[in-house]
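Dear colleague,

Please find below the structure that I am handing over to you, followed by an account of what was found in it. I would be grateful if you could read the two side by side.

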Amino acid sequence: MTDDDDGVDADAGTHPTDERAGDPEVPADPEHESEIPEDHPRYQSLLTRHRIERGVDLGITSKQGLIAEGRGEAFDYLLGEETIPSADAAARAAAAHLLLADHAVLSVNGNVAALVPGEIVDLAAATGADIEVNLFNRTEERMEAIAEHLREHGASEVKGLTADGRIPGLSHERAKVDADGIGDADVVVVPLEDGDRAEALGAMGKTEIVIDLNPMSRSAQVAAVPVVDNIIRAVPNVTRHAEELADAGDEELREVVEGFDAEAALADAERAIREGDLD
Ligand code: PTJ
């Protein structure tokens with residue numbers, strides 16, 4: 001994996017060997033993501049759109065995922081498409097939680113699989129977490145397609161297909177989890193989640209790490225650690241912190257966890273968005 005300065009792994013999509021064209025005249029909807037010029041002022045946004053579009057074509061991402069992405073992009077635009085310091089602190093706290101966990105699970109939906117498949121595999125490797133597919137619009141075809149996509153990006157085991165566990169208080173399809181996956185986890189990373197499921201997981205006593213660009217979303221509000229950042233920056237950033245903290249003892253990790261203030265981070269992100277510079 002080749003991390004760029006902006007934290008985006010531009011090679012994590014479906015054409016890892018292509019060379020980038022680097023031509024500022026390349027149109028805004030190139031066929032391969034490698035054709036998106038890195039110096040384009042909307043590079044991250046074009047890269048994200050390209051991956052989501054490919055996700056829909058591959059049967060990974062739902063059409064609703066396109067709408068969710070549009071909403072996220074608006075928040076990211078106001079954040080200046082950068083990781084603000086409070087989001088970086090949240091990423092570090094998330095890494096510490098994952099390293100302290102008895103059993104951590106990274107929950108993957110259709111948007112996550114399209115946007116950061118290789119980066120999720122890297123985060124799982126850095127923290128010892130399991131990967132589980134968990135969908136809002138669940139179909140067996142999408143479950144299989146996402147699991148296969150993750151395997152193609154290096155995942156050795158993908159949970160979620162057994163579905164022998166249930167999240168209490170949720171309607172049937174959305175409640176399905178693996179008993180030895182999310183069902184058993186003490187720490188769960190739930191990126192781009194809908195509020196109901198985030199609340200229900202919290203009610204099960206699990207520590208939730210939410211990655212969501214909307215600090216006012218219910219999922220961000222109920223999280224122990226809300227990371228208000230674009231998932232394409234946030235996941236590699238949590239991995240980077242986990243690698244830095246790899247040799248830290250439990251006491252140091254607990255200090256990182258206790259030093260993080262979720263309410264202050266949410267307030268900071270909301271302020272940054274409300275004061276967003278539209279120039
Ligand atoms: O694949 P499925 O069937 O599980 O469905 C996934 C979606 C995303 C469609 C489903 O969970 C959904 O409808 O989610 P919501 O309620 O639209 O919430 C998605 C949240 O993610 C919103 O708060 C967006 O602002 C946020 N978001 C969108 N894109 C990004 C993002 N946050 C971080 N990075 C992004 N790239």
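**The ligand and its pocket**

A backbone N or O atom of L213 lies 3.1 Å from a nitrogen atom of the ligand. Please note that this is a predicted model. On its own, the ligand would expose 740 Å², and the protein buries 94% of that area.

At N137, a backbone N or O atom is 2.8 Å from a ligand oxygen.

In total, 24 residues surround the ligand. The closest of them are G110, F136, N137, R142 and D212. Sorted by class, this shell consists of eight nonpolar, ten polar and six charged residues. Helix 2 contributes seven residues, which is the largest share of the shell.

As to location, the ligand sits in the largest pocket. The elements that give two or more residues to the shell around the ligand are helix 2 (63-78) and helix 4 (110-115).

The volume of the largest pocket is about 700 Å³. It is lined by 32 residues, and those closest to its centre are A68, R71, L192, E193 and D194. The lining comprises ten nonpolar, 13 polar and nine charged residues.

Which elements each supply at least two residues of this lining? They are helix 2, helix 4, helix 8 (195-203) and helix 9 (218-222). Helix 2 again deserves mention, for the largest share of the lining, eight residues, comes from this helix.

With kind regards

How values were computed
Residues are numbered from 1 along each chain as its sequence is written. This is a predicted model: local features need pLDDT of at least 70, side-chain atom pairs count only at pLDDT 80 or more; totals for chains, interfaces and linings use all residues. Side-chain values use heavy atoms; hydrogens and water are left out. A residue is near a molecule or strand if one of its heavy atoms lies within 4 Å of it. A polar contact is a pair of N or O atoms within 3.5 Å; within protein, one must be able to donate a hydrogen and the other to accept it, and residues adjacent in sequence count only if both atoms are side-chain atoms. Accessible areas come from the Shrake-Rupley method with a 1.4 Å probe; for residues, only the protein chains shown count as cover. On a 1 Å grid over the protein atoms alone, a cavity is a set of points where a 1.4 Å probe fits but cannot get out, and a pocket is an open set with protein on both sides within 12 Å along at least five of seven lines; lining residues have an atom within 4 Å of a point. A molecule sits in a cavity or pocket if more than half of its atoms lie within 2 Å of its grid points. Helices (H or I, at least four residues) and strands (E, at least two) are DSSP runs, numbered from the N terminus. Ala, Val, Leu, Ile, Met, Phe, Trp, Tyr, Cys and Pro count as nonpolar, Asp, Glu, Lys and Arg as charged, and the others, Gly among them, as polar. Grid points are joined across faces, edges and corners, and a volume is the space filled by probe spheres set on the points.
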